[in-house]
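Hi,

Here is the structure I promised to pass on. Have a look, and my notes follow below.

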Amino acid sequence: TLEATYLKLGLTTDYTVQSIPYEPPYQFNCLANPVSVNIDDVWSDTINLPFSFCFFGNTYNSCLIGSNGTLTFDTSNPTGYAGWQFSNNLPSTVGALFNNTIYGVYHDIDPSKGGTVGWELITLTTGCRALVASWSEIPMYSDACNSITYTGMMVLYEDSNVIEVYIKEKNVCNSWNGGNAVVGIQNATGSAAVVAPSRNSLDTNWTVTTEAWRFVPDGTPITTIEWYEGSGTSGPLIATSDTIDVCPSETTTYTAKVTYALCDGSIVVETDETEVQVRVAKIWDGSENDNWDVANNWTPSGIPTINDCVTIPVTPNDPVIQGTNYEALGKTLTILNGASLTINSDNNIKIAKWVDVKTLASFVIENNGSLIQIDNSTNNGNITYKRNTSIRKLDYVYWSSPVSNFHVNSIATG
């Protein structure tokens, strides 16, 4: 079984929020672009982004940073007053709660008394960029609380539009603004918000160190995955699900391709490869005769079980499942070009997963023989079922389980 692990993204029309390990991607102090220098309750100058950032369904190329732990995409008031008083939960625009804004942590702090606020664009090891905004050792507002500080960070990631909030130290000033604080995001109309659990404005006042949250776009999916056989994507497409079962007859490379259709119209493609080495399988050699149920007809010796990937290559003796009510077994079944497998009448084969009959191979199931599959897997290639019956003109006849793209009028009449 192969499984692709990747960041699943959707449109920014909605978000999920999740707690993540506290691993800030950058430093909190000495950022390249200081703002709110020795001043409180203001928005920064307009910050122009070198990449498009999508937020609640809209695309932006600039933002403002507020003194009190906010970042807004409403750029109508650069260097203007940014309020501090609020006593409502998000979503809301009552008091100093703002539309189109990231809150993390939003509470009344006072950079005029100390600490630093700043921002910087960084390049990640992936090659993508991120905007880092931080508030480092900022005193809480009011004379009674200037001795306690806040240090936190927001990170906005290019392409993925993921938002992270890192809280190094967050204290409470209960005597000012009710100690209210919020970690969340709110849309452009103030009609929708996503807030970290127990971190809305009116939740019980909280103190924390080394906490982190991630807001992930969760609208209509923008990611697709494709699996290819071979190195790169020029080989055959074999699956479009996160997890696939493979059972190659020889060591094979498989390539996973994840495509992101970003909200700005651009496409990002990531690929990764893995090699499946063939070590345990049952390969038909027919060294004794054509009887499936003979141990020495197999390499390694032994009759296949339901856990074995079975491969039938070209040999002097093509295998035959024979006897009376005999059930052959296999996890998967691959019949290679030029080889053949026959199930005699009144016998069957039970396969746990899938059957792959190559283009020039033959798989014949004689009258009253059966192929039984445990999983609802898709087979590949042509299988010949033979059914002998004597029917009258208006009789109903059960031929087999439904087979994709096979029509009743394709049944041979003699």
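Are Cys145 and Cys173 buried or exposed? Both are buried (under 20% relative accessible area, with exposed over 50% and partly exposed in between, using a 1.4 Å probe and protein chains only).

Before the rest, some housekeeping. This is a predicted model, where local features need pLDDT of at least 70, side-chain atom pairs count only at pLDDT 80 or more, and totals for chains, interfaces and linings use all residues. Residues are numbered from 1 along each chain as its sequence is written, and side-chain values use heavy atoms, leaving out hydrogens and water.

On to the cysteines. Searching the whole structure turns up three disulfides (pairs of cysteine sulfur atoms within 2.5 Å). In the Cys145 and Cys173 pair, the sulfurs sit 2.0 Å apart, and the link is right-handed, with 75° about the S-S bond. Cys54 pairs with Cys263, at 1.6 Å between sulfurs. The torsion there is about 95°, so this disulfide is right-handed. Cys54 is buried at 1% relative accessible area, while Cys263 is partly exposed at 31%. Cys247 and Cys309 make another disulfide, with sulfurs 1.5 Å apart.

Cys128 is in no disulfide: its nearest cysteine sulfur, on Cys263, is 13 Å away.

There's also a nonpolar core to look at (buried Ala, Val, Leu, Ile, Met, Phe, Trp, Tyr and Cys residues joined through side-chain atoms within 4.5 Å). The largest has 40 residues, and Phe55 and Leu71 touch the most other members. Apart from it lies another core of 28 residues, including Ile122 and Val258.

Cheers
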